[in-house]
Amino acid sequence: MTDLSKSLISIDAPIADVQKALFELDKYPEWSSQIKSAEALARDDQGRITKVKMSIDAGMMKDRPVLDYDWSQAPNKLSFSLDEADLLTGMDGVYTITAIDEDTTEVTYELGVTLSMAVPAMMRQKAEKATIDAALAQLKAHLEA
């Protein structure tokens with residue numbers, strides 16, 4: 001796994017609502033402007049999506065990755081890794097979901113990408129951080145609406 005950029009946000013919503021939004025991977029385009037489409041390619045025996053093909057447009061990160069999701073630490077953590085993509089050569093991430101109280105949830109999002117082209121680490125980390133911050137802000141807006 002690459003070095004991960006990280007941010008967290010507090011959301012005024014019960015943990016179950018936050019988990020539902022984060023676990024419905026194919027519905028991300030409904031609340032995330034960076035994810036243009038998300039198609040479930042595989043599910044586990046519990047019906048959870050384990051492989052999804054997305055079309056993303058997050059500034060300098062524009063691609064169509066296929067991501068593998070690891071549910072082994074759910075419902076408090078959901079992690080993913082890159083299976084294949086057009087431009088990205090690596091993409092690892094994890095959402096950590098923690099109840100602060102019955103009506104407030106903290107979400108930590110960690111993300112690391114590796115690009116097929118040479119990009120200075122500082123630029124890559126800035127893009128990762130911008131992607132994370134936008135995703136968390138849009139998740140918060142979606143759940144607090």
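Author: The questions below concern a predicted model.

Reader: Which residues of helix 1 are buried?

Author: Helix 1 spans residues 15–23. A residue counts as buried when its relative accessible area is under 20%. In helix 1 that applies to Val18, Gln19, Ala21, Leu22 and Phe23.

Reader: What covers the buried residues of helix 1?

Author: Contact here means heavy atoms within 4.5 Å. The cover includes one helix, helix 2 (121–144). It also includes strand 1 (5–11), strand 6 (77–84), strand 7 (88–101) and strand 8 (104–115).

Reader: Is Ala121 buried or exposed, or in between?

Author: Ala121 sits in helix 2. Its relative accessibility is 41%. The in-between class runs from 20% to 50%, so Ala121 is partly exposed.

Reader: How many aromatic pairs are there?

Author: Ring centres must lie within 6.5 Å to pair. By that rule the count is four.

Reader: What kind of aromatic pair do Phe23 and Trp71 form?

Author: Their centres are 5.0 Å apart, with 75° between the planes. The pair links helix 1, with Phe23, to the loop between strand 5 (66–70) and strand 6, with Trp71, 48 residues apart. Both Phe23 and Trp71 are buried. Planes over 60 degrees apart count as edge-to-face, so the Phe23 and Trp71 pair is edge-to-face.

Reader: And what kind do Tyr95 and Tyr109 form?

Author: Tyr95 and Tyr109 lie 4.3 Å centre to centre, with 15° between the planes. Tyr95 is in strand 7 and Tyr109 in strand 8, 14 residues apart. Both Tyr95 and Tyr109 are buried. Planes under 30 degrees apart count as stacked, so the Tyr95 and Tyr109 pair is stacked.

Conventions: Residues are numbered from 1 along each chain as its sequence is written. This is a predicted model: local features need pLDDT of at least 70, side-chain atom pairs count only at pLDDT 80 or more; totals for chains, interfaces and linings use all residues. Side-chain values use heavy atoms; hydrogens and water are left out. Buried means under 20% relative accessible area, exposed over 50%, partly exposed in between (1.4 Å probe, protein chains only). Helices (H or I, at least four residues) and strands (E, at least two) are DSSP runs, numbered from the N terminus. Rings of Phe, Tyr and Trp (its six-membered ring) pair if their centres lie within 6.5 Å; planes under 30 degrees apart count as stacked, over 60 as edge-to-face and the rest as tilted.
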